[in-house]
Amino acid sequence: MSRPTVEEEHLRHCMLFLFDQGLKANEAVKKINHTYGDVLKLNKCYRWFKKFKNGNRSLEDVERMGRPQKLDDDILRAMVDSDPRQTIRELSLKIGCPWSTVQDHLHSIGKMYRQGIWVPHELTETTLDQRRTICASLLSRYDRSVLRRIVTGDENWVL
């Protein structure tokens, strides 16, 4: 029988309870993992026990100062549309976000960097029509060429 998934908040309550009982972090990890399966790592338990030992009994996550800001896709799309020749690095410096965040958001809004400019990843109707026209003209050129007669003209083999 599979064990139910355990919420993070419940794990923190269990760690606080076991800390109050006087257990060490490694003993608490063994007890929790024995009960719920492999749901808690030793490093995480050490970190929470250290917090409890310092007198902080809050079970909420603390906002981290270094966390990057949320990036608005509309602002990024407007920047790319205004100058599609910008690199990810230039965009990240202008926005003030890490380049990996900008890269992820560019992919999520459907932009690809091709031949020095940002282009839509999906084909629009006009680009599909252009491709159909080009393919039709290449096929008609193939029908009139000498190459067609040479390649498919004779199937006899000379031995």
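**Exercise 1.** How many aromatic pairs does a search of the whole structure find?

*Solution.* A quick note before we start: this is a predicted model, where local features need pLDDT of at least 70, side-chain atom pairs count only at pLDDT 80 or more, and totals for chains, interfaces and linings use all residues. Residues are numbered from 1 along each chain as its sequence is written, and side-chain values use heavy atoms, with hydrogens and water left out.

Step 1: get the rule. Rings of Phe, Tyr and Trp (its six-membered ring) pair if their centres lie within 6.5 Å; planes under 30 degrees apart are stacked, over 60 edge-to-face, and the rest tilted.

Step 2: the search turns up four pairs.

**Exercise 2.** Classify the pair formed by Phe 19 and Phe 52.

*Solution.* Step 1: the ring centres are 5.6 Å apart and the planes sit at 50°, so this pair is tilted.

Step 1: Phe 19 is in helix α1 (residues 8-20) and Phe 52 in helix α3 (residues 42-53), 33 residues apart. Helices here are DSSP runs (H or I, at least four residues), numbered from the N terminus.

**Exercise 3.** Are Phe 19 and Phe 52 buried, partly exposed or exposed?

*Solution.* Step 1: buried means under 20% relative accessible area, exposed over 50%, partly exposed in between (1.4 Å probe, protein chains only).

Step 1: Phe 19 has 22%, so call it partly exposed. Phe 52 has 3%, so it's buried.

**Exercise 4.** Which residues does Phe 52 touch, not counting residues up to four places away in sequence?

*Solution.* Using contact as heavy atoms within 4.5 Å, you get Arg 12, Met 15, Leu 16, Phe 19, Arg 57, Ser 58 and Leu 59.

Notes: Helix = DSSP H or I, 4+ residues; strand = E, 2+ residues; numbered from the N terminus.
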